[in-house]
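Colleague: I'm new to this one, so could we walk through it together?
Modeller: Gladly, let's take a look.
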Amino acid sequence: MAGSALRRLMAEYKQLTLDPPEGIVAGPISEDNFFEWEALIAGPEGTCFEGGVFPARLVFPPDYPLSPPKMKFTCDMFHPNIFADGRVCISILHAPGDDPMGYELSAERWSPVQSVEKILLSVVSMLAEPNDESGANVDAAIMWRERREEFNAIARRLVRKTLGLPP
Amino acid sequence: MQLLLSSVCMALTSAVIGNAYYQKQQFYPAVVYITKSNASMAVIYVQFFVIVFMFGKLLRKIFLGTLRAAEFEHLLERFWYALTETCLAFTVFRDDFNPRFVALFTVLLFLKSFHWLAEERVDFMERSPVLGWLFHIRVGSLLTMLGILDYVLLIHAYNSTLVRGPTVQLVFGFEYAILLTVIASTAIKYVLHAAEMRTDTPWENKAVFLLYTELVIGLIKVVLYILFVVIMAKIYALPMFVFRPMFFTIRNFRKALNDVIMSRRAIRNMNTLYPDATPEELRQSDNICIICREDMINHSKKLPCGHIFHTTCLRSWFQRQQTCPTCRLNILRTPAVNSTAMPRAGDEAAVAAAAAGNAAPAAAGAQPAGGVPAPTPAAGVDVNQAGANGPLAGGQPMPPSFADLFGDATGLPNLGGLSVSPPPVMPMLSPFMMPPQFGYFSSPPTIPLDLTKFTDEELRAMEGHQREHIEQRLRLLQNINLMLDSAGVMMSQYQTLVSRLQLTAVPPPASAAAPSLVEGAASGPVAYDKPSTSASAMAQLEAHQVTPTVGVPPLPAEKVTIEDLGADEDDVPSTVTEAASLPNSDADFEENSSELGELRKRRLKFLEERNRFANEGRPAE
């Protein structure tokens, strides 16, 4: 009998495969290691990220689901809640103890009832509606707030880039 | 790259040796020549390191196979730290710095890296889906070998220190002692993991064993480090090079200690405060522990907020945080109020206050308009009586959580905090059994129907502006509130019963089903009523007009509903006292337990309809 973290990840993988939510594909990079996943997230419709397919990598801790996984986009991203290196900064990925941005309610933090699916859905909604108060990427946050057109243009360029189209 | 470097090194060494031999022609002079020439010695040293490296690779191939990327990364990281620390150690022992000394440190580093790798491997066991026998042989032999080596070197260092007094061997002895503890903990972990893998069920106590292993090993390490620092500081200088590992060890030990304390507390709470989930409750919920996503067959606990999880899952979560994983109710600060741990009849005031503590925020959340007369004062009391009942509503974010609960669990907006355990539980329980959640139904506080019937004394107690007067008043209000809530719960029981009966009776519409149906309906009151109290509660209900929505309709209307739903036979006696063939209906309930999900859906639909009806108003009934 394998560890509980592994069994839970297997269960989630199975569930995500059998009943995938719209616009999200996720699974372990290799069946040998269930603690590193790759996810593809489709940009939500009606937003500046529409049409894009954004690859991301999820790394699970050994004590998952007691601790949250880490998520990092592996493509270029320009978004108020995504660090320049691709790390995603949303409250669902933060353990209730630490609060890197100092504003989050503990009610929206990680808890073991969360899941990969919920994380990815939160990321989709984060793409649709950035939270410009948290500001993982301050440039992006300011641009999103003050020069929306410019931001949209950058986002559309990124979308084309993820699709391998010329800008 | 490595190949290139080692071949270059090989070539250099052979060049140096060849050169020396060519110049001196004889073995002994050649050796002397090489040792005298610094350049040659440098090449020989480099060659020595390359050989050690290659030897290490060979051992790694034998004992570990290919390293995973993460393992390699961790190895490199730790290796560099260890290397810098070794260099720091050199500064302390600069006086006896010689090749032998360097060689000893190299051996130490070499062994250390294998300890780390063994540790990583064993940790990986828990994450790996399948492990072959090769893995076990490798890890087993590696651990044995490292253990023996550590022991031999430790003894050697000890003897040498005894014979020659404190030298650099002190450091080695200490380092090998630490490594021995590492091997011990790795071996214990290995045994635990391997034992778990042999069974098919999750092994509950493994986490506890691991925790205590960590604690004990951590303690030994901390003691060793402190001893070492003290001894070193006395004999040489402050050993800067152990500060980093010592810091991490102490931190880990503190964490382990904290974990142990937390988990003990969690276990204690688990064993004392929370009831085991009954099979009925399990069947009623979807029976999946949302922490591990596996079926809950046994060993599950129900939290005060009504959420059910595996005991083990909860325990490991409570080591991190003492909140309900679903609704984040702080379980340490919440006395187990609304579920089974409710005291029987004893301390009425405490019960009332405690229940109000739960009910008030919930009511406030669900009915901002203030349908229940006393939500605000009750909440106020809560704060007032914090001394007596613990900080009930003080710092806990209850309203949202309860609101959530209402949203998905009951579908009834104003049932108050008491219905936190979802009403669909009820049909599953035998009507004769007093369901544990409603244990305090046996004695809700009694209130005179007419306020004029208060004794002078009681009235005086509620007059005035002193604190106790106000408390008295608030207590009255709480009692009222409590009774309203209990009435609400009872109504919800009636409703579930009714909807259930309606469902079972659907195929044969009228005559055949009707009697059993009403009997079943009647069973509700018989079972749950302690006549005086519930009657007074009902009276209170009507008196206060707390039923803007139909969640808690007055009793008569409910009776009519029963008849409406069942059949058209108005002549069926729907009196409370008639409870003829109850065991039958009870058996029916049990049989139909499998249809629960469906039932619940229908029930919700039914409730919706009722709501609509109510909004259109049906005074005729």
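Colleague: How far apart are the end C-alpha atoms of helix 2 of chain A, and what span should its 13 residues have?
Modeller: Keep in mind that this is a predicted model. Helix 2 of chain A has 13 residues, and at 1.5 Å a residue these should span 18 Å. The distance between its end C-alpha atoms agrees with that, at 18 Å.

Colleague: Where do the buried residues of helix 2 of chain A fall when seen down its axis?
Modeller: The buried residues of this helix are V116(A), I119(A), L120(A), V123(A), V124(A), M126(A) and L127(A). Seen down the axis of helix 2 of chain A, they fall within an arc of 160°, so they line one face of the helix.

Colleague: Which exposed residues does the face turned away from that buried side carry?
Modeller: Here we turn to the other face of helix 2 of chain A, away from its buried side. The exposed residues carried there are K118(A) and S125(A).

Colleague: What covers the buried residues of helix 2 of chain A?
Modeller: Chain A has four helices and four strands, running α-β-β-β-β-α-α-α from the N terminus. The cover over the buried residues of helix 2 includes helix 1 (4-18), strand 1 (24-30), strand 2 (33-42), strand 3 and strand 4 of chain A.

Colleague: Which residues form the covered face of strand 4 of chain A?
Modeller: In a regular strand the side chains alternate between the two faces of the sheet. In strand 4 of chain A, K70(A) and K72(A) make up the uncovered face. The covered face is formed by M71(A) and F73(A).

Colleague: Which residue is the bridge partner of V59(A) in strand 4 of chain A?
Modeller: Strand 3 (residues 53-59) and strand 4 of chain A pair in the antiparallel sense, over four bridges. In strand 4 of chain A, the partner of V59(A) is K70(A).

Colleague: Is C89(A) buried or exposed?
Modeller: UniProt lists C89(A) as "active site", in an unreviewed entry. C89(A) sits in the loop between strand 4 (70-73) and helix 2 (116-128) of chain A. Because 20 other C-beta atoms lie within 10 Å, and 20 or more is the cut-off, C89(A) counts as buried.

Key:
Residues are numbered from 1 along each chain as its sequence is written. Chains are lettered from A and ligands numbered from 1 in the order in which they are written. This is a predicted model: local features need pLDDT of at least 70, side-chain atom pairs count only at pLDDT 80 or more; totals for chains, interfaces and linings use all residues. UniProt positions are given in the numbering used here, feature names are shortened, and annotations may be inferred rather than shown by experiment. Helices (H or I, at least four residues) and strands (E, at least two) are DSSP runs, numbered from the N terminus. A residue is buried if 20 or more other C-beta atoms lie within 10 Å of its own, exposed if 12 or fewer, and partly exposed in between; C-beta atoms are placed from the backbone. Two strands pair if DSSP finds at least two bridges between them. The expected span of a helix is 1.5 Å times one less than its number of residues. The arc is that of the directions from the helix axis to the C-beta atoms. Two residues are in contact if their C-beta atoms, placed from the backbone, lie within 7 Å.
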